[in-house]
Amino acid sequence: MTKIMYEDLAWPVRDEVIAAQQYAWDRLGRPGTWLSGAERIAVAAEARNAAGCQLCRDSKEALSPYAVEGSHDHLGALAELEVEQIHRIVNDPGRLSRAWYKGLGDAGMVEERYVESVGVIVTVVALDTFTRGLGMAPWPLPQVEAGAPSELRPAAARRQMAWVSTLSPGEVLGTAESDIYDGAATAAHIKQALSLVPEEQRSFFGLVDHQYMLGVQMFDFEKEIRAITHAQIELVAGRVSALNQCVY
């Protein structure tokens, strides 16, 4: 098991952050809902590998991502369809489109696998960015654990506010999935994005709650809970989102 630890650093890391990162990292190698442990690690490895893709670099510099032809530089463990998903999400998320997603579906992409892969990708990006910011090497990917994915699709999942099926907060009140919205009848779209695969939503927002802050804390402007203020946190968040063309 990869043990997440931050020692001998000029910047102390809170225990709650370490615990949330350890949980999310350990999950990468375990059987998921729609992907096996081996598939999840393959997605994680390809998410890291995507940074060195020449096609992605050329496409990013082009006026349109479709103006450049070629093949992604990949590790060979996944189908080209999955490689396209991972590389585009990692390298050019600001130009993803409904037509692009529909093209993946038309070519055979299963939406449940797509969503779970997104959960793996964002976990890897979140932790790798964290360690890079501290001047550390990325953590080794965990070992693969045997077992089959559960393939449990939430009964209330349907196409509504996104390209993929999601769970409406009001429709899951009182169900096993209501905890992903803290029992609330409403939730921001970003909180619903991974809801088709609840375990991915729980894991990723476990990171968000501790690396960022809880939803209720975001609106408690009378109490500062971090080393920097609400205003400073949102300045950083807004600038990072602008650089990544993320309209959150």
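Visitor: What is the mean pLDDT of the chain?
Guide: pLDDT is the predictor's confidence in each residue, from 0 to 100. In this chain, 100% of the residues reach 70 or more. The mean is 93.

Visitor: Where is confidence lowest in the chain?
Guide: Where pLDDT is low, the predicted coordinates should not be read in detail. Confidence is highest in helix α2 (residues 37–49), at a mean of 98. The lowest mean is 77, in helix α9 (residues 215–218).

Visitor: How many helices and strands does the chain have?
Guide: Helices (H or I, at least four residues) and strands (E, at least two) are DSSP runs, numbered from the N terminus. From that end, the elements run α-α-α-α-α-α-β-β-α-α-α-α. The count is 10 helices and 2 strands.

Visitor: What is the radius of gyration of the chain?
Guide: The radius is taken over C-alpha atoms, and the globule rule is 2.2 Å times the number of residues to the power 0.38. For 248 residues, a compact globule would come out near 18 Å. The C-alpha trace spans about 50 × 45 × 40 Å along its principal axes. The chain agrees with the rule, at 18 Å.

Visitor: What share of the residues counts as buried?
Guide: Buried means under 20% relative accessible area, exposed over 50%, and partly exposed in between (1.4 Å probe, protein chains only). The chain has 248 residues. The buried share is 41%.

Visitor: Among contacts between residues at least 6 apart in sequence, what share joins residues at least 24 apart?
Guide: Contact means heavy atoms within 4.5 Å. The count takes in residues at least 6 apart in sequence. The share joining residues at least 24 apart is 60%.

Visitor: How many aromatic pairs are there?
Guide: Rings of Phe, Tyr and Trp (its six-membered ring) pair if their centres lie within 6.5 Å; planes under 30 degrees apart count as stacked, over 60 as edge-to-face and the rest as tilted. By this rule, the count is 6.

Visitor: How are tyrosine 101 and tyrosine 114 arranged as a pair?
Guide: Their centres are 4.9 Å apart, with 70 degrees between the planes. Tyrosine 101 is in helix α5 (residues 98–106) and tyrosine 114 in helix α6 (residues 111–133), 13 residues apart. Both are buried. The arrangement is edge-to-face.

Visitor: Is the pair of tyrosine 101 and tryptophan 163 stacked or edge-to-face?
Guide: The rings lie 6.1 Å apart, centre to centre, with 25 degrees between the planes, so the pair falls under the stacking limit. Tyrosine 101 lies in helix α5 and tryptophan 163 in the loop between β1 (158–159) and β2 (165–166), so the pair ties together parts 62 residues apart in sequence. The pair is stacked.

Visitor: Which residues form one aromatic cluster with Tyr101?
Guide: Tyr101 pairs with tyrosine 114 and also with tryptophan 163. The cluster holds Tyr101 together with Trp100, Tyr114 and Trp163.

Visitor: Which ring lies under the charged end of arginine 88?
Guide: A charge sits over a ring if NZ of Lys or CZ of Arg is within 6 Å of the ring centre and within 35 degrees of the ring normal. Lysine 191 sits this way over phenylalanine 205, 5.5 Å from the centre. For arginine 88 the distance is 5.7 Å, and the ring is that of tyrosine 66.

Visitor: Is glutamate 46 buried or exposed?
Guide: Glutamate 46 is found in helix α2. Among the residues it touches are Asp73, His74 and Leu75. Its relative accessible area is 2%, so glutamate 46 is buried.

Visitor: Where does aspartate 8 lie?
Guide: Its phi is near 55 degrees, a positive value in a residue other than glycine. Aspartate 8 is exposed, at 82% relative accessible area. Its place is the segment before α1 (15–27).

Key: Residues numbered from 1 in each chain as written. Predicted model: local features only at pLDDT ≥ 70, side-chain atom pairs only at ≥ 80, totals over all residues. Heavy atoms only, no water. Lists of a residue's contacts leave out its neighbours within four places in sequence.
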